[in-house]
Amino acid sequence: MSRPLVLALGLALAASAPAPAQSANPPPTAPGVPADRSVWRRGVVHYGKWLAAAGAIGLTALAVREHEHSAREWDQLLALCRAHNTDCTTGPDDRYTTYAPEFHYEKAIYYDHRARRRLIGGQLSLLTAAALFLADLRPDKGPENIPFHGLEVTPDLGGRATRVGVRIPF
């Protein structure tokens, strides 16, 4: 396509009328979208936290595997250098002068970088999961699996001590 045709097509698309969902007065209920969007957002947060936690576990497991590959290559490099010390001499550019040690070194670095990226991704997923767990807490309603709050911690009448008690409803 020529440049003027692409420019004209882009201007025509930009100047077109907005879709009904983009208008200032959208229809009250669109098909497939619940009327109360807070319910939908709550569901995304509730299930998204588990997805992010699973992502953190998966990326950490992948990082462990990549680290094992890096350690294996490093061990092969060390075994090669212990067997033939002259093969592990380095040149003025700090690279190995022979192919095999340089190959194992580069592979060890490659797998180490992959492990680092996966660990960072796992940590970001864990941070996202923690944020979503906090966002899923609702101050108006406690957790559904705890039937009552039995522990009471109150200040003493004089204000110098703390009373701790257990409340059991009948």
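**Cysteines, rings and charges**

Cys81 is buried, at a relative accessible area of 17%. Buried here means under 20% relative accessible area, exposed means over 50%, and partly exposed is in between, with a 1.4 Å probe and protein chains only. Before I go on, this is a predicted model, where local features need pLDDT of at least 70, side-chain atom pairs count only at pLDDT 80 or more, and totals for chains, interfaces and linings use all residues. Residues are numbered from 1 along each chain as its sequence is written, and side-chain values use heavy atoms, with hydrogens and water left out.

Which residue forms a disulfide with Cys81? It is Cys88, and the two sulfur atoms are 1.8 Å apart; the criterion is a pair of cysteine sulfur atoms within 2.5 Å. The torsion about the S-S bond is -95°, which makes the link of Cys81 and Cys88 left-handed. Cys88 is buried too, at 14% relative accessibility. A search of the whole structure gives one disulfide.

Now the overall layout. The protein has three helices and two strands, in the order α-α-α-β-β from the N terminus. These are DSSP runs numbered from the N terminus, with helices being H or I of at least four residues and strands being E of at least two. Of the 170 residues, 15% are buried. The accessible surface is about 13,700 Å², and carbon and sulfur atoms hold 64% of that; areas come from the Shrake-Rupley method with a 1.4 Å probe, and for residues only the protein chains shown count as cover. Among contacts with a separation of 6 or more, 53% are between residues 24 or more positions apart, where contact means heavy atoms within 4.5 Å.

Next, the aromatic rings. Rings of Phe, Tyr and Trp (for Trp, its six-membered ring) pair if their centres lie within 6.5 Å, and planes under 30 degrees apart are stacked, over 60 edge-to-face, and the rest tilted. That rule gives five aromatic pairs. One of them is Trp50 with Phe133: the centres are 5.1 Å apart and the planes are at 80°, so this pair is edge-to-face. Trp50 sits in helix H2 (residues 37-83) and Phe133 in helix H3 (residues 99-136), so the pair ties together parts 83 residues apart in sequence. Phe133 is partly exposed, at 32% relative accessibility. Another edge-to-face pair is Tyr96 with Tyr105, at 6.0 Å centre to centre and 70° between the planes. Tyr105 is partly exposed at 29%, and ring pairs link Trp74, Tyr96 and Tyr105 into a cluster.

Lys49 lies in helix H2 and is buried, with a relative accessible area of 7%.

On to charges. How many salt bridges does a search of the whole structure find? The count is seven, a salt bridge being a side-chain nitrogen of Lys or Arg within 4 Å of a carboxyl oxygen of Asp or Glu. Lys107 forms one with Glu73, the closest N and O atoms being 3.4 Å apart. Lys107 is in helix H3 and Glu73 in helix H2, so this pair ties together parts 34 residues apart in sequence. Glu73 is buried at 3%, whereas Lys107 is partly exposed at 24%.

Asp112 and Arg116 form another, with closest N and O atoms 3.7 Å apart. They are four residues apart in helix H3, so about one helical turn separates them. Asp112 is partly exposed at 28%, as is Arg116 at 45%. Salt bridges that share partners also join Arg65, Glu66 and Arg114 into one network.

Last item, a backbone detail. Asp94 has a positive phi of about 60° although it is not a glycine. Asp94 lies in the loop between H2 and H3 and is exposed, at 65% relative accessibility.
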